[in-house]
Amino acid sequence: PDTSLRQAEVLRLQGNTASAVDTYLALLKVNPHALDNQAAQLADGLRSQPDQLRRLRDAYAEIVAQNPKDPTLQSFVGIMSVRLDDMPRAVDAFAQWTTLQPQNLEARRNYTLVLSQTQQYAQAAASAESLKALAQQQNATQDQLKGYQALVDFFTAKSKGG
């Protein structure tokens, strides 16, 4: 059942990226979650081929338009958008992800980071505060909580011009 996926990987590793992405897109048409275990790695692997990465990200975006309540697919749009340096799209995708999975630390962390990358420091500070509160609820270590508090303090200072 994973023959097409393996063939696509071989094509990509051989440098035939366009054909590999064609295969990935065909897999996604059959099953939107066919690449779930590889999506982040693909985003990294295709970073040097932005046109191909954009094709893959846009395919995920089309799937998300049909399945807007799927947090996994939202996360992939966000991750691929970051790799493409399309921060407005990443902010939107990660915002949706945090809405769909409000208890997900990774979603909140990614959202906070893209807010800071887009210099939305007040929103990043508020998101970091939510991240810290969520981490407390999930019994994070004191070191983790100190790290989250440092983010809150940093973004708060940045939002005030510091």
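## Overall build

Helices (H or I, at least four residues) and strands (E, at least two) are DSSP runs, numbered from the N terminus. By that rule the chain has nine helices and zero strands. Its pattern along the sequence reads α-α-α-α-α-α-α-α-α.

This is a predicted model, in which local features need pLDDT of at least 70 and side-chain atom pairs count only at pLDDT 80 or more, while totals for chains, interfaces and linings use all residues. Residues are numbered from 1 along each chain as its sequence is written, and side-chain values use heavy atoms, with hydrogens and water left out.

The C-alpha trace spans about 50 × 30 × 30 Å along its principal axes. Of the 162 residues in the chain, 42% are buried. Buried means under 20% relative accessible area, exposed means over 50%, and partly exposed lies in between (1.4 Å probe, protein chains only). Contact means heavy atoms within 4.5 Å. Among contacts in the chain with a separation of 6 or more, 50% join residues 24 or more positions apart.

## Aromatic pairs

The structure holds three aromatic pairs. Rings of Phe, Tyr and Trp (its six-membered ring) pair if their centres lie within 6.5 Å; planes under 30 degrees apart count as stacked, over 60 as edge-to-face and the rest as tilted. One of the pairs is Y60 with F76, which is edge-to-face. Their centres lie 5.3 Å apart, with 65 degrees between the planes. Y60 sits in helix α4 (residues 50–66) and F76 in helix α5 (residues 71–83), so this pair ties together parts that are 16 residues apart in sequence. Y60 is buried, at a relative accessible area of 0%. F76 counts as buried too, at 7% relative accessibility.

F94 and W97 form another pair, which is tilted. Here the centres are 5.9 Å apart and the planes make 40 degrees. Both residues lie in helix α6 (residues 87–100), three residues apart, or about one turn of the helix. F94 is buried at 2% relative accessibility. W97 is buried at 5%.

## Helices α5 and α6

Helix α5 packs on α6 at an angle of about 155 degrees, and their axes are 8 Å apart. Therefore α5 is roughly antiparallel to α6. Axes are lines fitted to C-alpha atoms, for helices over the stretch in contact, and angles run from 0 to 180 degrees between N-to-C directions. Angles under 35 degrees count as roughly parallel, over 145 as roughly antiparallel, 65 to 115 as roughly perpendicular and the rest as oblique.

The α5 and α6 crossing is left-handed. A crossing is left-handed if the near helix is turned anticlockwise from the far one by less than a right angle, and right-handed if clockwise. On the α5 side, the contact includes P71, Q74, V77 and I79. On the α6 side, M87, R89, F94 and W97 are among them. The contact residues divide into 10 nonpolar, five polar and one charged. Ala, Val, Leu, Ile, Met, Phe, Trp, Tyr, Cys and Pro count as nonpolar, Asp, Glu, Lys and Arg as charged, and the others, Gly among them, as polar.

## Helices α8 and α9

Helix α8 (residues 121–137) packs on helix α9 (residues 142–159) at about 165 degrees, with axes 8 Å apart. That makes α8 roughly antiparallel to α9. Their crossing is left-handed.

Residues of α8 in the contact include Y121, A128, E129, L131 and K132. In α9 they include L145, Y148, V152, F155 and K158. This contact comprises 12 nonpolar, four polar and three charged residues.
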